[in-house]
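Hi,

Here is the structure I promised to pass on.

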Amino acid sequence: MEETKVVTGAWELSTFKFRVEGEGLRLMLENMKDKKLVGTKCSKCGTVYIPGNFYCRKCHVKIDEQAEVSDHGTVMSYTVGYSDVRGNPLEEPRIAVEVKLDGGDTWIMGVMQECKPEDMEIGKRVKVKWNEVRSGSLQDMKAFIPE
Amino acid sequence: MDGKVAIAGYNISPCSSNMVTSRERLLFDLTTGLFEELGIDRDAVDTFIIATNDFLDGRTISNVFLDPPIGAYMKDETKVEMDAVNAIAYGWMRILTGQYDTALIVSLGLCGHQISPYLHIDYTLDATYDRQLKLLNELSAAALQAGSYLGKYGYPAELLDEIAAKDLGNAALDPYQARRLDGISAEEVGKSRYLYEPLRELHCYPPTDGGCVMLLASEDRAGELTDKPVWILGMGRSIDKYYIGDRDLAVSPSTTQAAKVAYDMAGIKDPAGEVDLAEISSIFAHQEPLLAEALGLFEEGKAVDIYSSGDSAIDGRLPVNPSGGALGAHPICSTGLIRMAEAARQLRGEAEGNQVKKAGVAVAHGQDGMCAQQNAVVVLGI
Amino acid sequence: MEVSEEVFFTPTVPLDFTYNYRVGSHIGRYLEGFKEKKIMGVKCPKCGKVFVPPRMFCGPCNQKLEDFVELSQEGELRNYTVGHVNLVKGRLEDSDTPYVLGMIQLDGADSLFLTRVEGVPSDEVERGTRMKAVWKDQVEGDCADLDHFEPV
Amino acid sequence: MMRNVGIIGVGYTPIFVSKRKDVSIPEMISEAVDAGFRNTGLTPEDIDAVIFGNMQTFEGVNLPHLWAVEHIRALGKPVMRIATGGTTGMSAFHAGYYHVASGMADVVMVVTYEKHSEGDAQVGLMGIITPEVMTMLQAGIDVTGGSGMGAIGGGSAGGISFQAMSYLNHSGASIEHIDAMAAMERRNAAKNPYAHLKDPECTAEKIAETAMVSYPIRFGHICPTTDGSTVCILASEEKAAELADKVAWVWSVANCCSDATTGNLVDGMITDPAEQRPCMIAARQAYERAGIEDPKTEFDVIEIYNGFAHQTLMFLEKLGVCEVGEAHKLLEAGELEIEGRLPTNASGGVVSTNSIGTSALNRVTEAALQIMGKAEGGHQVPKDVHKALAHSWGGLMQYVAVTVLGDTPPRK
């Protein structure tokens, strides 16, 4: 097989101007200053979304109701990262968790701290570790730690 | 063809150059609006077909977040990555098998604020040649096609002004169009700046945000859903060569082929005599007569007479783009579906200021690719 | 359908996705020709038509094309447009001066060839003009080697 | 009226490898198209419509069928482009099926491809959620900080680890079973001339030696990126009788979607990625349509879309061909092998060959070739194949499409 010349091309994603739904995320961010986690609740099926959503993804109806959820929750799944996707090893293993907060129905992803990989299990109780200084940014929620 | 398929309802977004919305919100509002009008909810939809494009949406698998906002959670959904007339073709076939009674066709193109629409054609070009040469783009290719078309019949460049003035005049009456230039004259069109000669800015579509949804239903189900079903009488699709240097750009063989299939299915023998109106995705002014000729609606070589006589105007003998067509709005992927919806609006007698006198049979058209390389034609009736 | 702009996050992506395309056998052969300032076409064994740039198939004849032929460097201007804008990453920018893009039928070819046209004022371009290829001084087997065409 | 539809031929590029440096995109696709015509004796005149599918951001070419129109011999024909992520190949196949079943075409060619070497698959996958990741950045998160966010950056690989962990937790299977599953498929791939990662001597121990990416996913569990193209030709019953000696009949198709399961901080996930309710719904619908009464005993061959090795086990259970928690026991008992009771991914599966646009179609074509008795290179199963099941998943783990094939027409 004869190798042929290479020419280049690009998909100019830098030219894009995205609008990403932010109503629910902004609601959550605002309240995080006060260590509160506020989402929205579907009045039809009762699903509580955190971060909130302007409509119910299951029922296809508009959502107007807010709902506060706990900063404690349960690990629904987790993974321990050893290398990046290209195979370069990480300096030390990192634990990422999917957590269902008490009172909420969605799983949200976070970094797990103050816990060894061998102590991790699905069903483990965890809580949010808040930053001392909070500004209404995702940084306010530093990590999940054991309850 | 066994069984009939109807358009049970549709919902067109008001289009604009910068719609302050997200993909999810636009589609949620379009679908819930349609469901409300029909008195149904998502349970009444058997299958969902989305027409979006990864390069327009700026993401891999562009439908990946769009299923919940259209009501498709835990339901059957697929994506046709083309102009949505092709998604209609798919929904229509699914219903014809008897396996589904309703199909919701969903499309959006945020090509005003989100992306430069011209890039969408850039990415379709031969990556090893045309994209390296960097001479060809959607506008330069269209200009060459316009030159080829005008040159073939010796038409004056002012014909393009007449076409655009007619379309933009119609568009100003239509509630869904983005470009609203009330009372613009051909002379004023002729004063807009040149992009690529002979095409001026107002001969070309405006970058547009917009979307459209349409519910198709089997004959039995249509009767329950609406008092005003619009029937799909025929459908045809075809494609031309890629290299513009290989093509006679003054004609559109694929449109002619697609139209023949659609007319045969609909039992139409003399389209110019039997069709009452046409909604054509002519995204550049010259494409309207060019495609109307390919559709058998205009006699070749008579475009100057047709436009000067008002034959194709709203109150003319054979109105073409009474909505104003794609020169008023071109949300890529949705444009052909909006043409269908506008045609249905005429057939249902709901087109208000754009309403043509006689509306029994309509032709709608959608296109993809450079210089309308790929075309889809649908014949609608009541 | 529209709401306040404040509802949204409006992220931008700081990078473009890049790709490396293999030109394959036919454009590969074409660009090889450029190294010797030759324009290669490919001939269909069935309909006899000669296409440029070369490609692997003649669609209407369902023929695989393997018969490469060298084309004349002269031909006739069949169609053109005068550009008043440039598209830069999809954005319209006014061009400092109008420029001409031409479709040339090279002698011996059946397809038209898109190129820049120079040596003639943009308001004096005429179809039917005989044109010839002008190469860059240094050719590298790159699309840009064939710089433009100008009147014979 | 639903018409019977049969698969009358398959065409592959001669090889599926990581880099095809000798051909352009359309040239590579034409190799599979040529093979389709060669294997069936058909010519382009016989084809009424063409369905085309791939994931276009992997090559940065929009609507590639426009550029490749002559290479796929589609001039003057209806061409429909279908793209649904990982399920693209099967979604395209389903579109072909409905073309024929509805009577709108008698013979349809489904063309799929991916030429991963021209782009960066990780970047292409990242493109699924770029705006969300950028939103999280804007909302203040440190994306580089933790493996959780780093994992999101890896496209499906990140969420996949959560899926695998959840699956292991509720099925009772262990990471060693995933190793053994991957090893079996690499061995099967060695018998398939159209597979990419082949290792006739592969063992679970060998897979276990590969680097851990994100527990429980090791490198050896992950699919490669492959250049290749696949074509599948479908025909009505009447045309099939005229044109083909062996036919694999389409008994039913079905698909279902849930919600994108990223679980990121812009959209929390509402379903467990290992729950796979869409798979259960699609399978149930497909079985109903095909008249399958007992999926545990009726299938002779199964092809599962497994970008990651644990998915073979997981989807066997979700498809209802065995009980939850039983798949790894079938593996241990050797029942999933080519010679076993329930041969699964005799082709080597996606974990051995992944040119994404083709991957879901290959599940159908491989099942069809098994029915026709035409699987080459030693991966034909020894028993008669009467019924086969093909599965695929896509999107952010929320799309599932399934196809049931049989050796006789489904309806009189």
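Chain B and chain D bury about 4900 Å² between them, with 59% of that on carbon and sulfur atoms. Keep in mind that this is a predicted model. Each side puts residues into the contact: 58 from chain B and 58 from chain D.

On the polar side of things, 31 residue pairs are in polar contact across the interface of chain B and chain D. There are also 2 salt bridges across that interface. B:E81 makes a salt bridge with D:R81, and the closest N and O atoms there sit 2.8 Å apart.

If you want to know which parts of chain B do the touching, the elements giving two or more residues to the side facing chain D include helix 2 (54–57), helix 3 (67–70), strand 3 (76–79) and helix 11 (253–266). Helix 4 of chain B gives the most, with 7 residues. Sorted by class, that side of chain B has 24 nonpolar, 17 polar and 17 charged residues.

You'll find A:R57 in the loop between strand 4 (48–49) and strand 5 (65–69) of chain A. Is A:R57 buried or exposed? A:R57 counts as buried because its relative accessibility is 6%, under the 20% cut-off. Its neighbours come from several chains: A:R57 touches A:Y49, B:P68, B:Y73, D:D259, D:D267, D:G268, D:M269 and D:I270, leaving aside residues up to four places away in sequence. With D:D259, the contact is a polar one between the two side chains, at 2.7 Å.

Cheers

Notes:
Residues are numbered from 1 along each chain as its sequence is written. Chains are lettered from A and ligands numbered from 1 in the order in which they are written. This is a predicted model: local features need pLDDT of at least 70, side-chain atom pairs count only at pLDDT 80 or more; totals for chains, interfaces and linings use all residues. Side-chain values use heavy atoms; hydrogens and water are left out. Contact means heavy atoms within 4.5 Å. Buried area is the accessible area (1.4 Å probe) that two parts lose on being put together, summed over both. A salt bridge is a side-chain nitrogen of Lys or Arg within 4 Å of a carboxyl oxygen of Asp or Glu. A polar contact is a pair of N or O atoms within 3.5 Å; within protein, one must be able to donate a hydrogen and the other to accept it, and residues adjacent in sequence count only if both atoms are side-chain atoms. Helices (H or I, at least four residues) and strands (E, at least two) are DSSP runs, numbered from the N terminus. Ala, Val, Leu, Ile, Met, Phe, Trp, Tyr, Cys and Pro count as nonpolar, Asp, Glu, Lys and Arg as charged, and the others, Gly among them, as polar. Buried means under 20% relative accessible area, exposed over 50%, partly exposed in between (1.4 Å probe, protein chains only).
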